[in-house]
Amino acid sequence: MRLRARWDTMVRMEQDGPTYRDYARWAAQSADQVARDCQTDVFHGSGPGGQGVNTSDSAVRMTHVPSGVAVVSRESRSQFRNRQLCVRKLHAIFQNRSVAPAKRRPTRPGRAARQRRLDSKHARSRTKQLRGRVEGE
C-alpha cells in the first residue's frame with residue numbers, strides 16, 4: 001500500500017498537473033459529480049452583515065481534490081446557496097482551462113531582423129578588434 005502511494009506521487013510529479021483534456025472531462029461532469037470530488041470547508045464570512053455574519057458558518061470553500069482548484073463563496077447568507085455558487089465557479093474554471101492550446105508554428109526571422117543581427121555582430125567585432133595590442137610598441 002505504501003509503495004503504491006509513493007508511486008502515485010512520482011507519477012503526479014512527472015505530469016506537472018492536469019492537462020486541458022482533464023479540465024474538459026471535469027467540465028462535462030454534472031454538479032453532483034463535481035461536488036462529490038470536492039473537499040468542503042465552512043467558516044464565518046467576513047465583512048459587513050452584522051450579527052448574521054458573525055454567528056453562522058455560511059461561507060464555503062470547496063477544493064476540487066483531483067485538480068487542486070479551490071474556490072470560495074460567501075455571497076449569500078445561506079450555506080446551501082454558497083455551495084451551489086462554488087460548484088458553478090468550479091465549472092466556469094474548468095470551462096476556461098479546457099481550451100486546447102494553439103499550435104505553435106515556428107517562423108523564420110525576416111530579412112530586416114537578419115540584417116540587424118549581422119550589423120550588431122560586425123559592430124561587436126570592431127569593438128573587440130580595438131582591444132588588441134598595438135603593433136610596434
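Helix 2 and helix 5 are oblique to each other, because their axes cross at roughly 140 degrees. Oblique covers the angles left over once those under 35 degrees (roughly parallel), over 145 (roughly antiparallel) and 65 to 115 (roughly perpendicular) are taken out. This is a predicted model, where local features need pLDDT of at least 70, side-chain atom pairs count only at pLDDT 80 or more, and totals for chains, interfaces and linings use all residues. Residues are numbered from 1 along each chain as its sequence is written, and side-chain values use heavy atoms, with hydrogens and water left out.

**The chain as a whole**

- The chain has six helices and three strands. Both are DSSP runs numbered from the N terminus: helices are H or I with at least four residues, strands are E with at least two.
- The chain has 137 residues, and 19% of them are buried. Buried means under 20% relative accessible area, exposed over 50%, and partly exposed in between (1.4 Å probe, protein chains only).
- Take the contacts between residues at least 6 apart in sequence: 45% of them join residues at least 24 apart. A contact means heavy atoms within 4.5 Å.

**Helix 2 against helix 5**

- Helix 2 covers residues 20–27 and helix 5 covers residues 79–97. Their axes come within 8 Å. Axes are lines fitted to C-alpha atoms, for helices over the stretch in contact, and angles run from 0 to 180 degrees between N-to-C directions.
- The crossing of these two helices is left-handed. That means the near helix is turned anticlockwise from the far one by less than a right angle; clockwise would be right-handed.
- On the helix 2 side, Tyr-20, Tyr-23, Trp-26 and Ala-27 make the contact. On the helix 5 side, they meet His-91, Phe-94, Gln-95 and Arg-97.
- By class, this contact of helix 2 with helix 5 has five nonpolar, two polar and one charged residues. Ala, Val, Leu, Ile, Met, Phe, Trp, Tyr, Cys and Pro count as nonpolar, Asp, Glu, Lys and Arg as charged, and the others, Gly among them, as polar.

- Three strands form an open sheet in the order 1-2-3, with antiparallel pairing. Two strands pair if DSSP finds at least two bridges between them.
- Strand 1 (38–43) and strand 3 are the edge strands, each pairing on one side only.
- Neighbouring strands of the sheet are turned by 15 degrees against each other on average, direction ignored.
- Strand 1 and strand 2 are joined by six bridges. In one of them, Thr-40 has Met-62 in strand 2 as its partner.
- Strand 2 (residues 59–64) pairs with strand 3 over five bridges, in the antiparallel sense. His-64 has Val-69 as its bridge partner, and Thr-63 stands opposite Ala-70.
- Strands 2 and 3 make a hairpin with four residues between the strands. In this hairpin, Gly-68 takes a positive phi near 85 degrees.
- Side chains alternate along strand 3 (residues 69–73). Val-69, Val-71 and Ser-73 point to one face and are buried.
- Helix 5 lies across strand 1, strand 2 and strand 3, and runs at about 140 degrees to strand 3.

- Gly-17 sits in the loop between helix 1 (2–15) and helix 2. Gly-17 counts as partly exposed because its relative accessibility is 22%. Ser-67 is 50 residues away in sequence, but the two C-alpha atoms are 7.4 Å apart.
- Ala-28 sits in the loop between helix 2 and helix 3 (31–36). Ala-28 counts as exposed because its relative accessibility is 67%. Ala-28 and Gln-95 are 67 residues apart in sequence and 8.7 Å apart from C-alpha to C-alpha.
- His-44 sits in the loop between strand 1 and helix 4 (51–55). His-44 counts as partly exposed, because its relative accessibility is 42%. The C-alpha atoms of His-44 and Ser-58 are 6.2 Å apart, with the residues 14 apart in sequence.
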